[in-house]
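Hi everyone, thanks for making time today. Let me put the sequence and the structure up, and then we can walk through a few residues together.

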Amino acid sequence: MATTNDIKNGTVLRLDGQLWTVLEFQHVKPGKGGAFVRTKIKNVTSGKLVDKTFNAGLKIETASVDKSDMQYLYKDGDDYIFMDNSTYDQITVPAAVVGDAANFLLENGTATVATNEGTVLYIELPASITTVITYTEPGLQGDRSSAGTKSATIETGYEIQVPLFLEVGTKVKVDTRDGSYLGRVND
């Protein structure tokens, strides 16, 4: 058990049997009345955002979340198989937990897997990945109907917008948070 004074960004709280991550917090001491802590919390499983206020000094239950870097091996039906880099143990993560991260999971790539009491909570990818364009239409100079960009498919099958001059086989850097093109990678 902890108190509201121990709340920090990234703390995982157990409220009403569910796990919530603290995104923002602010200790408030008004001129009149008792102090309180204003927080913005996110449900770990559903992703729902909630603003919640706690009275100062209130006892709250925190949950321990273990984060470990794991290597993505392959997809098996609807499940994703990861291997712990230190113990070589393999774990199976359901597609519902992986979510949109599947668009940027490259075989043998690393991801941070967060677990609580043996249950996988979520997957965190690096901020960007380097991948290869597997398909794109040829870009025509003078075609400005799409503001100088065209669709391209990357190794994972996800489609991104890239500049007209890029061709199939080009290595590119992609932001894993929103799928935006960050630049070309030269070897």
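In which strand is T131 found? T131 is found in strand β12, residues 128-136, strands here being DSSP E runs of at least two residues, numbered from the N terminus. A quick word on the model: it is predicted, so local features need pLDDT of at least 70 and side-chain atom pairs count only at pLDDT 80 or more, while totals for chains, interfaces and linings use all residues. Residues are numbered from 1 along each chain as its sequence is written, and side-chain values use heavy atoms, with hydrogens and water left out.

Back to T131: its relative accessibility is 1%, so T131 counts as buried (under 20% relative accessible area; exposed is over 50%, partly exposed in between, with a 1.4 Å probe and protein chains only). The T131 side chain makes a polar contact of 2.9 Å with that of E155. By polar contact I mean N or O atoms within 3.5 Å, one able to donate a hydrogen and the other to accept it; residues adjacent in sequence count only if both atoms are side-chain atoms.

Now S151, in strand β13, residues 149-154. At 33% relative accessible area, S151 is partly exposed. Its side chain and that of Q161 are joined by a polar contact of 3.0 Å. Setting aside neighbours within four places in sequence, S151 is in contact (heavy atoms within 4.5 Å) with T136, E137, E159, I160 and Q161.

And E117? Between S151 and E117 there are 42 Å, C-alpha to C-alpha, with the two 34 residues apart in sequence. Thanks, folks!

How values were computed:
Helices (H or I, at least four residues) and strands (E, at least two) are DSSP runs, numbered from the N terminus.
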